[in-house]
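Subject: Structure for you to look over

Dear colleague,

I am handing over the structure below, and my notes on it follow directly after. Please read them with the structure open beside you.

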Amino acid sequence: MARATRVIVLGSTGSIGRQTLEVVSSLNRLAFEDRFPRRVEIVGLAAGNDLNLLAEQAAAHGVGDVAIARDDDQAKDRLDPFRARHGADAAERLVREVDCDIVVSAIVGFAGLRATLAAVEKGAHVALANKETLVAAGSVVTDAARRSGARLLPVDSEHSGVWQCLMGVPFDTPPASGRGQGEGLVPPCALPEAVSRVTLTASGGALRDWPLEKLELATAKDALAHPTWAMGPKVTIDCASLMNKAFELIEAHWLFGLRSDRLGAILHPQSIVHAMVETADGSVLAQMGSPDMRTPIQIALTWPDRAPVAHTPLDLAKLSTLEFRPIDERRYPAYALAREVMDAPEDKGTLGAIMNAANEEAVAAFMDGKIPFGAIVRLVRQAMDSVGARPARTLDDVLAADASARMFVRKAMG
């Protein structure tokens with residue numbers, strides 16, 4: 001049997017991290033049964049604050065190297081049996097110090113940027129579930145990937161859907177990121193002219209069918225009641241405002257080299273079709289599957305191979321209807337913000353970092369009951385208009401824009 005694929009999981013105690021470990025256990029069972037040729041070895045785990053779960057995960061998977069953002073005596077004592085790193089830069093140090101083949105980037109928000117960039121710079125492939133990394137620092141990360149040869153393997157279901165559709169699209173010359181035999185187009189890449197348009201689908205979130213006049217005062221409990229997906233709280237709030245889809249469009253812009261005239265989204269409440277790729281001859285390739293994050297996680301971990309399904313497959317006979325609707329920008333004003341970031345000139349390259357930071361601050365305030373739901377996107381809009389965007393040539397440029405946007409939102413909220 002070939003050498004195991006060595007994996008570091010960033011954000012292992014969160015929703016995507018826990019599901020990643022489920023997928024790894026399933027793949028290793030398949031390998032033991034000789035149903036899949038590769039084993040997966042977890043060589044590092046990183047978490048934010050859930051000390052006990054991190055220790056349990058490390059013990060269960062035989063992991064020696066761990067990282068946690070906490071730097072207190074309790075954390076040091078609990079993780080004493082492991083080679084532990086502590087503090088705000090612990091995840092980044094874990095990535096730089098532990099040899100691996102794939103880094104699963106599942107730390108929520110801007111906090112995952114440094115560690116993800118470290119993985120790209122060392123040439124490890126990144127199974128990317130942290131969309132904020134590309135929203136805030138797309139040019140910095142993709143430039144680093146092209147230099148190191150790292151691939152950005154999408155874990156978001158929509159981007160994984162696009163990627164899977166592209167495996168059947170012909171092209172004349174390899175994209176800038178390179179290509180291996182049988183691998184097809186792999187992000188970051190520039191799509192060929194054979195692709196005329198890419199469409200992501202959106203569930204519409206928990207407030208999709210609310211009357212417009214009620215949206216302003218929706219509570220966190222209302223916004224967290226997602227009808228189809230099980231995700232962390234911040235992502236679920238972003239789904240309700242459609243900010244999550246705005247971020248995913250920006251992420252697709254960087255992964256696949258598309259501007260807004262070749263990229264869009266549509267509401268699809270059933271969350272069965274995840275993405276569609278329209279080719280120049282008018283054909284539309286659609287990727288379908290159950291709304292289960294374990295599928296795109298498994299595809300990223302096993303690429304360029306395919307492993308047997310790790311969960312209940314989609315039963316088409318049980319589908320009575322598939323519904324698609326255009327996005328109403330009165331209900332979802334966040335949608336328009338994505339176009340501004342995708343089409344921003346290079347001298348406004350930090351606009352995505354401003355958008356992301358303002359949203360993180362506004363969502364945190366909403367979840368704390370400090371602002372109404374309707375104020376989230378308004379604050380993001382104000383920050384994008386008021387905080388001066390500049391070129392994003394280095395990580396420092398991105399960090400400065402992030403800090404300025406956060407300060408603006410905090411002041412705006414008084």
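Helices α6 (132-148), α11 (243-256), α13 (334-342) and α14 each supply at least two residues of the lining of the second largest pocket, where helices (H or I, at least four residues) and strands (E, at least two) are DSSP runs numbered from the N terminus. The model is a predicted one, in which local features need pLDDT of at least 70 and side-chain atom pairs count only at pLDDT 80 or more, while totals for chains, interfaces and linings use all residues. Residues are numbered from 1 along each chain as its sequence is written, and side-chain values use heavy atoms, with hydrogens and water left out.

To return to the second largest pocket, α6 gives the most to its lining, with 7 residues. The lining has 25 residues, and S139, W254, P345, E346 and G349 are those that lie nearest the centre. (On a 1 Å grid over the protein atoms alone, a pocket is an open set of points with protein on both sides within 12 Å along at least five of seven lines, a cavity is a set where a 1.4 Å probe fits but cannot get out, and lining residues have an atom within 4 Å of a point.) The space in this pocket is about 360 Å³, a volume being the space filled by probe spheres set on the points, with grid points joined across faces, edges and corners. By class, its lining divides into 14 nonpolar, 5 polar and 6 charged residues; Ala, Val, Leu, Ile, Met, Phe, Trp, Tyr, Cys and Pro count as nonpolar, Asp, Glu, Lys and Arg as charged, and the others, Gly among them, as polar.

The lining of the largest cavity has 3 nonpolar, 8 polar and 1 charged residues.

Turning to the packing, the largest nonpolar core holds 141 residues, among which F256 and M355 touch the most other members; such a core is a set of buried Ala, Val, Leu, Ile, Met, Phe, Trp, Tyr and Cys residues joined through side-chain atoms within 4.5 Å. Helix α14 (residues 351-367) provides the largest share of this core, 10 residues. Leaving aside neighbours within four places in sequence, F256 is in contact (heavy atoms within 4.5 Å) with H159, V162, W163, L166, P187, C189, A190 and L191.

F373 lies in the loop between α14 and α15 (375-386). Is F373 buried or exposed? F373 is buried, because its relative accessible area is 8% and buried means under 20%, exposed over 50% and partly exposed in between (1.4 Å probe, protein chains only). With neighbours within four places in sequence left aside, the contacts of F373 include A218, L207, L215, I237 and F366.

With best wishes
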